[in-house]
Amino acid sequence: MLSKKMEKAINEQINAELYSSYLYLSMATFFESVSLGGFANWMRQQAQEELFHGMKMFDYVCECGGRVTLKAIDKPPSNWASPLDAFQNVLAHEQKVTGLINDLVNLAQEERDHATTIFLQWFVSEQVEEEASAGGLVDKLKMIGKDASALFMLDTELGQRTFTLPAKE
Ligand code: FEO
């Protein structure tokens, strides 16, 4: 069973995950608008992944007999100065989310809520991957600089990304 405090905190995180999805969807439209369809695809897949993160928490709250309360999702920005600027924002956003997940783990431990502590471990590992993938793309975009052909090659690579809904555990 979830304490009210834990339930409220996970509800906040569901909102943060849905905002992440919304942010990346906004980045997808930005990339579509500058004819970088591969980057747009990467963002669309990322938006789906964030929705999955939110739903994983949604399902957990329900499974624990708690109540999910959906709140308004903030309006995301809609423009970025360059692909590098967008990915620097992705990285900064993911670092912020890592902090939020760590706070949730701390709360679960304070509450002696072992089930939630274990549940959150998946998100702790996921954040390592999220930061590594955003950081890797920031590095690549810095190397690319103003080289248009290298940018188009990366666009082709990012166009291959797919997101498959993981099987239920
Ligand atoms: Fe749901 Fe990108 O962390």
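How far apart should the ends of helix α2 (residues 37-63) be at 1.5 Å a residue, and how far apart are its end C-alpha atoms?

1. The model is predicted: local features need pLDDT of at least 70, side-chain atom pairs need 80 or more, and totals for chains, interfaces and linings use all residues. Numbering runs from 1 along each chain as its sequence is written, and side-chain values use heavy atoms, with hydrogens and water left out.

2. On the opening question: the 27 residues of α2 should span 39 Å, and the end C-alpha atoms are 39 Å apart, so the two agree. (Expected span is 1.5 Å times one less than the number of residues; helices are DSSP runs of H or I, at least four residues, numbered from the N terminus.) Just after α2, G65 takes a positive phi of about 80 degrees.

3. There are 11 aromatic pairs, counting Phe, Tyr and Trp rings (the six-membered one for Trp) with centres within 6.5 Å; planes under 30 degrees apart are stacked, over 60 edge-to-face, the rest tilted. F30 and W80 are edge-to-face because their planes are at 70 degrees, with ring centres 5.6 Å apart. That pair links distant parts of the chain, 50 residues apart: F30 is in α1 (residues 4-33), W80 in the loop between α2 and α3.

4. F30 is buried at 7% relative accessibility, and W80 is buried at 8% (buried is under 20% relative accessible area, 1.4 Å probe, protein chains only). Ring pairs join both into a cluster with F31, F39, W42 and F87.

5. W42 also has the charged end of R161 over its ring, 4.5 Å from the centre (CZ of Arg or NZ of Lys within 6 Å of the ring centre and within 35 degrees of the normal). Likewise, K56 puts its charged end over the ring of W122, 4.7 Å from the centre.

Definitions and conventions. Helices (H or I, at least four residues) and strands (E, at least two) are DSSP runs, numbered from the N terminus. Buried means under 20% relative accessible area, exposed over 50%, partly exposed in between (1.4 Å probe, protein chains only).
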